[in-house]
Amino acid sequence: MATVFIDYQRLVMQAYEQQRENNTLPHGLMYLTPAKLKEECVKKCTTDVSRKDEKVIRDFCGDLSESKSCQAILQRCDTDKFRPLVNYLRGKSGRPDEKNIELLAWLIDFRGRPWEMGKTITGEEDIKEGLVLDDTGPATGIPAARFGLLATPPPTSSDGPAGNPAIPEIPMHLPSMDDTKGKENESVETAEPSKEKQTGRKSTKTLAAAVMISLVLGTGGMWWWKDKLGSGGCMYWHEDHYEPVACDQKIPYTTVIALDAEKQQHFRKITRPDTITYQAVGKVWYAKIKGKMEYYTWAGEHPEVSGYQLKPITPYIIDNHIHSTVSTNQ
C-alpha cells in the first residue's frame with residue numbers, strides 16, 4: 001500500500017520487474033539506451049494519453065506549453081534527459097528523480113499513476129502475488145533492496161504451512177497378541193544386556209568395514225593419481241575448449257597446464273556472440289584481444305594470453321558490442 005512516494009516508487013519498480021521477468025516490457029525498456037527509451041515514449045504517444053499523462057511528459061521534458069502535443073514535446077526533448085532513468089534501471093545510479101519514476105509508470109501502464117498526496121495505492125492490479133525478486137536481477141544487476149523489497153526465505157521443515165500439519169508415520173508392522181504375551185514375560189534386566197551385546201557387535205563390524213574401505217580407497221587413489229600425472233593429468237586449449245593430454249606430451253606453440261576437470265568440461269569460447277542476451281550477465285565473460293571482442297563461459301585467465309584476466313559481461317557491453325554488431329550486419 002502506497003501512502004508516501006517511496007512506497008509508490010517501490011510498487012512501480014515491482015510492476016516493472018514483473019513485466020521484465022515475463023518478457024512483456026515495451027521494446028524501449030527491453031534494450032535500455034536513451035535513444036530507444038525516447039523512441040518508445042514517442043511511439044506510446046500515438047495511443048490514448050490522459051491529461052495527467054500529458055502533465056507527466058511536460059514535467060519530464062521541461063516544456064509546459066499546453067499548445068503542443070505530447071508527441072511534439074517528446075520529439076524535441078533532449079535525448080540526454082532519458083539517461084538518468086536508463087542508468088537507474090541498469091543499477092548505475094542511486095535514488096532517481098520523481099519525474100523519472102512517473103515516466104516509467106506511464107511507459108509500463110501502471111494503473112495507480114500518477115502519485116498524488118494522500119492517495120492510497122495498492123498496486124494489486126499491476127503486481128501479482130507471489131512475485132519474489134532475487135537480490136540481483138539477471139539482466140539489470142539492480143539490488144532488490146533498493147526498491148524496499150526483501151527476498152522471502154524458503155520455509156524450513158520445522159516451520160511448515162499451518163494448513164499442512166505433519167502426518168505421523170504409520171508403523172509397517174503392528175504387534176500381534178502372541179508377540180505381546182511373549183514380551184510380557186521378559187524382564188528389563190534380561191533385555192538390556194542383550195541389546196548392549198548386539199550394539200557392541202555392530203560397532204565392531206562397522207569399524208572393521210570402515211578400516212578396509214579406507215585402505216582400499218587410499219591404495220587405489222595413489223595408483224590413480226600416479227597414472228593421472230603420467231598419462232592424462234594435464235590439458236591444453238584447442239580452438240574453443242580444453243583438451244586432456246598427458247603431462248609429458250609436447251605440443252608445439254601450446255601451453256600445457258594441470259588438468260582441471262570442471263574447467264575442462266565447462267570452459268568454452270562462444271563462437272556465436274549474436275546468441276548472447278541480457279540473461280548472460282553473471283554467466284559470460286569477455287576479453288578484447290587485438291581490437292576484437294571474445295566471449296567465454298568461464299571466469300579466470302584468458303586461455304591463450306597468459307596473465308590476462310577475463311571480465312564479466314555487462315548490459316553496456318551487450319548494447320555496444322553485440323546488439324550494435326547485429327544491427328550493422330542486418
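If the bonded cysteines of the protein are numbered in sequence order, the pairing is 1-2, 3-4, where a disulfide is a pair of cysteine sulfur atoms within 2.5 Å. The model is predicted, so local features need pLDDT of at least 70 and side-chain atom pairs count only at pLDDT 80 or more, while totals for chains, interfaces and linings use all residues. Residues are numbered from 1 along each chain as its sequence is written, and side-chain values use heavy atoms, with hydrogens and water left out.

Select Cys45 and Cys70, which a disulfide joins with an S to S distance of 2.4 Å. This pair links distant parts of the chain, with Cys45 in the loop between α3 and α4 and Cys70 in helix α5, 25 residues apart; helices (H or I, at least four residues) and strands (E, at least two) are DSSP runs, numbered from the N terminus. Both Cys45 and Cys70 are buried, where buried means under 20% relative accessible area, exposed over 50% and partly exposed in between, with a 1.4 Å probe and protein chains only.

Next select Cys234 and Cys247, whose sulfur atoms are 2.1 Å apart in a disulfide. Cys234 lies in strand β1 (residues 234-238) and Cys247 in the loop between β2 (241-245) and β3 (256-258), so the pair ties together parts 13 residues apart in sequence. Cys234 counts as buried because its relative accessibility is 8%, whereas Cys247, at 28%, counts as partly exposed.

Now move to helix α3 (residues 34-44) and α7, whose axes come within 11 Å and cross at roughly 55°; axes are lines fitted to C-alpha atoms, for helices over the stretch in contact, and angles run from 0 to 180 degrees between N-to-C directions. The two helices, α3 and α7, are therefore oblique to each other, since angles under 35 degrees count as roughly parallel, over 145 as roughly antiparallel, 65 to 115 as roughly perpendicular and the rest as oblique. To see the contact (heavy atoms within 4.5 Å), select Leu37, Glu40, Cys41 and Lys44 of α3 together with Leu103, Trp106 and Leu107 of α7. One of these residues, Cys41, counts as buried because its relative accessibility is 0%.

Finally, select helix α4 (residues 51-61), where Asp53, Val56, Ile57, Arg58, Phe60 and Cys61 are buried. What covers these buried residues of α4 includes α5 (70-76) and α7 (98-107). Stop at Gly62, which follows α4 and has a positive phi, near 80°.
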